[in-house]
Protein chains: 2
Amino acid sequence: MSRPIAIIGGTGPAGMGLAWRWARAGEAVIIGSRDARRAQQTAEAIRQRVGPSAQVSGLDNAAACAASDLLVLTVPFQGQATLLKQLKSAMRPGSVLIDATVPLAASVGGRSSRTMGVWQGSAAQQAAELVPKGVMVVAAFQNLSAHLLNQDHDIDGDVIVCSDDPHATQVAMELAAKIPRVRAIDGGKLENARILEQITALLIGLSSRYKGHGGVRITGLPDAAYKSLTK
Amino acid sequence: MSRPIAIIGGTGPAGMGLAWRWARAGEAVIIGSRDARRAQQTAEAIRQRVGPSAQVSGLDNAAACAASDLLVLTVPFQGQATLLKQLKSAMRPGSVLIDATVPLAASVGGRSSRTMGVWQGSAAQQAAELVPKGVMVVAAFQNLSAHLLNQDHDIDGDVIVCSDDPHATQVAMELAAKIPRVRAIDGGKLENARILEQITALLIGLSSRYKGHGGVRITGLPDAAYKSLTK
C-alpha cells in the first residue's frame with residue numbers, strides 16, 4: 001500500500017501498538033490525537049523504536065483524517081460517536097474506516113468484561129451510521145491484545161474482519177496480515193461486528209482471571225480462509 | 001466419574017457426537033430422546049462403534065433425566081424451554097445440567113449465522129430459570145462442530161465453560177478434557193454464555209462461507225488456564 005494509514009486516537013495502547021507494527025512493516029503511518037503535540041511525541045517514540053526507515057508522523061485527529069483515505073479508529077467507546085461527528089467534514093468519500101471500537105460497559109462505569117447494547121447492533125455499525133456517504137466501514141482488530149501489539153514478538157491470534165464492502169474487507173485483511181503470525185479471516189457482513197466486540201469482553205475477562213493477554217484463533221477452516229504473511 | 005452422563009436430546013448430531021466421544025473415553029452414557037426406541041437405536045450404533053466395553057443405553061428423555069444427576073442438553077433452541085418444563089419433575093436437586101443450546105435465528109425461520117435476543121441474556125440463562133431449585137446450570141460445548149465430534153480424529157478446539165457454580169464448572173471442564181486435544185477453559189459466570197452462543201453463530205457463518213467446520217482456540221493465557229488430557 002502506498003497511502004499512509006491514519007490512526008485516529010493513535011496515542012492509546014491499541015493505536016500505538018498497531019502503529020508500531022505497521023511502521024515496522026514499512027507502512028507510512030500518521031498518528032492522530034486530540035492533541036497534536038502528543039501525537040508527535042508518540043510518532044517520535046515509534047520512529048526511534050523502528051529505526052531511520054520509519055515513516056511515522058503525528059497530527060491532530062482532523063488533520064490526520066484529512067491526510068489519508070485509510071483511517072483506523074482506536075478510541076474508547078465513550079468518545080467514538082462524538083469524534084466521528086467532529087471528523088465528518090474531514091473524511092473523503094472513498095475512504096476506508098477500520099473501526100476497532102468495543103462498547104465495553106466500562107465506558108459507563110461498569111466492567112470491561114461486559115458489553116453494552118448499541119442501538120445499531122455494534123459500535124462498528126454505529127460508526128457506519130455516522131460517517132459521510134461513500135466512506136466504507138470495516139470492523140477489525142478488536143481482539144488483538146494491546147499489550148502484545150506493543151511487544152517485539154509475534155502474536156498468536158487471528159483478526160476477523162467484518163464489512164459490507166468487499167474492498168474495505170480486503171484492505172483490512174491486508175493490514176492484519178502485515179502483523180507477523182497474525183491471520184486475517186473474512187467474518188462476513190458488518191452486522192457480525194457485534195460478535196467480535198463481545199469476544200473482546202470475553203477475552204478481557206479471561207485475561208484478568210488468568211493474568212494473561214487473551215486472543216483468539218479460528219480453527220477448522222481450509223487454508224484458503226486465512227490470509228497471512230507467515231504460514 | 002462413576003455416574004452416567006445423560007444426554008437429553010442425544011439423537012441429534014451434537015448429542016451423538018458427544019456420546020461417542022465420552023463412551024470412547026470409558027464414560028457410561030445414557031442417550032435421551034423423545035422416542036425411547038430412537039434413543040436405543042442411537043445407543044446401539046455407538047456401542048457397535050466403540051466396541052464391547054462401551055456403556056451406552058437409550059431411554060426417553062424423562063427416564064434418562066431421572067437416571068442421572070449429570071445432564072447434558074443438546075436440543076434445538078425452539079425445543080429447549082418446553083422440554084425443560086416437562087423434565088422439571090424428573091430432575092433431582094444437586095444435579096448438574098450442561099446446556100449447549102444456542103438461540104440461532106434459524107429457530108424461527110431465520111439464519112443459523114445469527115442469534116436472537118433471549119430475555120434472560122442467553123439460552124443457558126433461560127435454562128437456569130427453568131430448572132428446579134438446586135440444579136446447577138453450566139454453559140458449554142456450543143462451539144465444537146457436531147460434524148467433527150462424530151469423526152474419529154482429534155478436535156482442534158477449546159470448550160469455554162460458564163457457570164455461577166464452581167462445582168458445575170469443574171464437572172463440565174472434566175468432561176470437555178476427555179475429548180482428545182480439546183482444552184477446557186473457565187469462562188466465568190453463566191452470564192457470559194451469551195458470548196459463547198454468539199460465537200457459535202459466527203462459526204456457523206465462517207464454516208458455511210469457507211466450507212469448513214469452524215472451532216475456536218483461546219490464545220495468550222498461561223498453561224494453568226487450560227485443562228486437557230493431551231498437552
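# Briefing: a predicted two-chain model

In the largest nonpolar core, which has 82 residues, the members that touch the most others are Leu97(A), Ile218(A), Leu97(B) and Ile218(B). The model is predicted. Chain A and chain B superpose with an RMSD of 0.0 Å.

**Core**
- In general, nonpolar side chains of soluble globular proteins tend to be buried together.
- Leu97(A) has contacts beyond its neighbours within four places in sequence. Among them are Leu71(A), Leu73(A) and Leu84(A).
- Further along the chain, Leu97(A) also meets Ala127(A), Val131(A), Val135(A), Met136(A), Val137(A) and Val138(A).

**How the two chains relate**
- Arg217(B) has the C-alpha nearest the axis in chain B, at 2.5 Å from it.
- Both copies use the same surface: 100% of the contact residues of chain B recur in chain A.

**Chain A as a whole**
- Chain A contains eight helices and ten strands.
- Its radius of gyration is 16 Å, close to the 17 Å that the globule rule gives for 231 residues, so chain A is as compact as a globular protein of that length.
- Along the principal axes, the C-alpha atoms of chain A fill a box of roughly 40 × 40 × 35 Å.
- Of the 231 residues in chain A, 58% are buried.
- Among contacts in chain A with a separation of 6 or more, 75% join residues 24 or more positions apart.

**Cysteines**
- Over all chains, the search finds zero disulfides.
- Cys162(A) is buried, at 0% relative accessible area.
- Cys65(B) is buried too, with 1% relative accessibility.

**Two backbone details**
- Most residues other than glycine have a negative phi.
- Phe141(A) is not a glycine, yet its phi is positive, at about 70 degrees. Phe141(A) sits in the loop between strand S6 (136-139) and helix H6 (146-149) of chain A. Its relative accessible area is 6%, so Phe141(A) counts as buried.
- Lys211(B), also not a glycine, has a positive phi of about 55 degrees. The loop that holds Lys211(B) runs between helix H8 (193-210) and strand S9 (215-219) of chain B. Lys211(B) is exposed, with a relative accessible area of 70%.

Key. Residues numbered from 1 in each chain as written. Chains lettered and ligands numbered in written order. Predicted model: local features only at pLDDT ≥ 70, side-chain atom pairs only at ≥ 80, totals over all residues. Heavy atoms only, no water. Core = buried A, V, L, I, M, F, W, Y, C linked by side-chain atoms within 4.5 Å. Buried < 20%, exposed > 50% of the residue type's maximum accessible area, 1.4 Å probe, protein only. Contact = heavy atoms within 4.5 Å. Least-squares fit on C-alpha atoms with pLDDT ≥ 70 in both. Disulfide = S-S within 2.5 Å. Helix = DSSP H or I, 4+ residues; strand = E, 2+ residues; numbered from the N terminus. Rg over C-alpha atoms; globule rule 2.2 N^0.38 Å.
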